[in-house]
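Trainee: I have a new structure open and I would like to learn how to read it. Could you walk me through it, one feature at a time?
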Amino acid sequence: MRRRSIFDIQTVTRTAIVLAVFSLLVCCIRDPELHLFDSGEIDTDLPVVEIDLDTYWDYEFETTYETDKTWKDEWYYGWDDEDVRIFGQIGYTEPTTLQLRRYYTGSEPYVSHTSVLAHTVTGRVFRASYNWGFWDILAWNDIYTPDGVQSLIFDEQTSLDSVSAYTNQSMFHTRYNAPTYTHSFYQPEELFSAYEQGIEIDRDLKGFEYDPVRNIWIKRLNMTLEPITYIYLTQVIIHHNRNRITGTDGQGNLSGFGRTTVLNNGIAGPDVVTVYYNNRFKSNCMKGEEPVDIIGGRMLTFGIVGQNMNRIKKRKEVLDEVPHYMDVTVLFNNGMDSTFVFDVTEQVRRRWRGGVITVELDMDTVPMPTRKGGSAFDAVVKDFEEETHEFEM
């Protein structure tokens, strides 16, 4: 008898989220009698990762959202060729290479790992031999950046039972998480992962189904490849500017997110940090019929500490006691600069999987600074309400 095993990965739509789904196909061809042997070859067809932000950021079940409203209706900054050059594509991009880790646990499932088989998979097919018994499989995307500089660091040495990812501190100071961390952390790149335990390659074909077209016995297993870094689009909408704010230094921070994540379960670690990212100033944007200036940017995080944000379905399930502050440094037409700090805590909690974060600033309420402020001068600004604001200096 000849046996061969096929590991086929397909892309399907699950609920409102378009995600990549792994299907494990372990096949046996009877020729004509069944003769057992110690291992089988497995072909792996790798997935196309397709994440649609319109569905992934679908928070319409929240009472604060209109049923026909999407993130695009809140996003006034836009995304032109210069944004693509600076920040990359606005949404998730399809990885071309995967890291695959296979753990053989013998005759017992759900036990600690004692060894690992590591593979880098480029292209659409991966082939390997699997012993009969139980296997755990972990997969994540290889990281690609246009400039070749990668912020994500992977820890596979501390424990064979999990792989963690983290970034290091940047050169930019922050006071939100001091004294534990005095600097903000670099944002991670886009990261997807999938993990399945207790995959049984059974000698007696238990749990297999017969495919008469190909004359093979098949066992299927679904694994969902999910994003475990989350995209936030930030915008500071400046009303009544009249060229008083002329730009930004390009630096932004957003506080209150996990420092690490575990690829096996997608849960962000317990340490709270501030994430550094870049932003850009645009003049003469339109919000409805009003011309406004906007400071916008794109940032990725590991999410709120202690949780896998993909598992949360409603706002009340978000367990978060950490405040979230966003700051930007703006440049004035008199050569001065100031750092504005905005409390965006509730917005982050309402958009736990990422989305648009908006603050609005009425420049008729902001006095021109007479000295350089930089990071030493923080102004906490209330949201724009078409009326006079309190502005603390």
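Trainee: Let me start with Arg244: is it buried or exposed?

Mentor: The way to tell is to look at the relative accessible area, and to call a residue buried when the value is under 20%. Keep in mind that this is a predicted model. Arg244 has a relative accessible area of 18%, so it counts as buried.

Trainee: Where is Arg244 found?

Mentor: Look at the loop between S16 and strand S17 (245–258), and you will find Arg244 there.

Trainee: And which residues is Arg244 in contact with, leaving aside its neighbours within four places in sequence?

Mentor: Those partners are Leu331, Phe332, Asn333, Met363, Asp364 and Met368.

Trainee: What does Arg349 touch, not counting residues up to four places away in sequence?

Mentor: Arg349 touches Arg315, Val318, Asp320, Glu321 and Val322.

Trainee: How do I read a nonpolar core?

Mentor: Here is the general idea: in soluble globular proteins, nonpolar side chains tend to be buried together. In this model the largest nonpolar core has 63 residues, and the members touching the most others are Ile245, Met326 and Phe340. Strand S16 (residues 230–239) is the element that gives the most to this core, 7 residues. Another core lies apart from it, with 13 residues that include Trp140, Ile143, Leu152 and Phe302.

Trainee: Which residues is Met326 in contact with, once its neighbours within four places are left aside?

Mentor: Among them are Thr234, Val236, Asn253, Leu254 and Tyr277, and also Phe340, Val341 and Phe342.

Trainee: Now for empty space. How is it found?

Mentor: Rolling a probe the size of a water molecule over the atoms shows where empty space is left. Here, the largest pocket holds about 1,000 Å³ of space. It is lined by 34 residues, and the closest to its centre are Phe87, Tyr144, Thr145, Pro146 and Glu189.

Trainee: Which element gives the most to the lining of the largest pocket?

Mentor: That is H2, with 4 residues. Helix H2 (81–87), strand S19 (272–287) and strand S20 (290–301) each supply at least two residues of that lining. Sorted by class, the pocket lining has 15 nonpolar, 12 polar and 7 charged residues.

Trainee: How many cavities of 30 Å³ or more does a search of the whole structure find?

Mentor: The search finds 1, and the volume of the largest cavity is about 40 Å³. Its lining includes Thr167, Phe185, Tyr186, Pro188 and Gly258. Strand S11 (183–186) and S19 are the elements that give two or more residues to that lining.

Trainee: Finally, what does the whole chain look like?

Mentor: Its secondary structure comes to 3 helices and 24 strands. Of the 393 residues, 55% count as buried. Among contacts with a separation of 6 or more, 72% are between residues 24 or more positions apart.

Methods
Residues numbered from 1 in each chain as written. Predicted model: local features only at pLDDT ≥ 70, side-chain atom pairs only at ≥ 80, totals over all residues. Heavy atoms only, no water. Core = buried A, V, L, I, M, F, W, Y, C linked by side-chain atoms within 4.5 Å. Buried < 20%, exposed > 50% of the residue type's maximum accessible area, 1.4 Å probe, protein only. Contact = heavy atoms within 4.5 Å. 1 Å grid on protein atoms, 1.4 Å probe; cavity = no way out; pocket = protein on both sides within 12 Å on 5 of 7 lines; lining within 4 Å. Points joined across faces, edges and corners; volume = space filled by probe spheres on them. Nonpolar A, V, L, I, M, F, W, Y, C, P; charged D, E, K, R; others polar.
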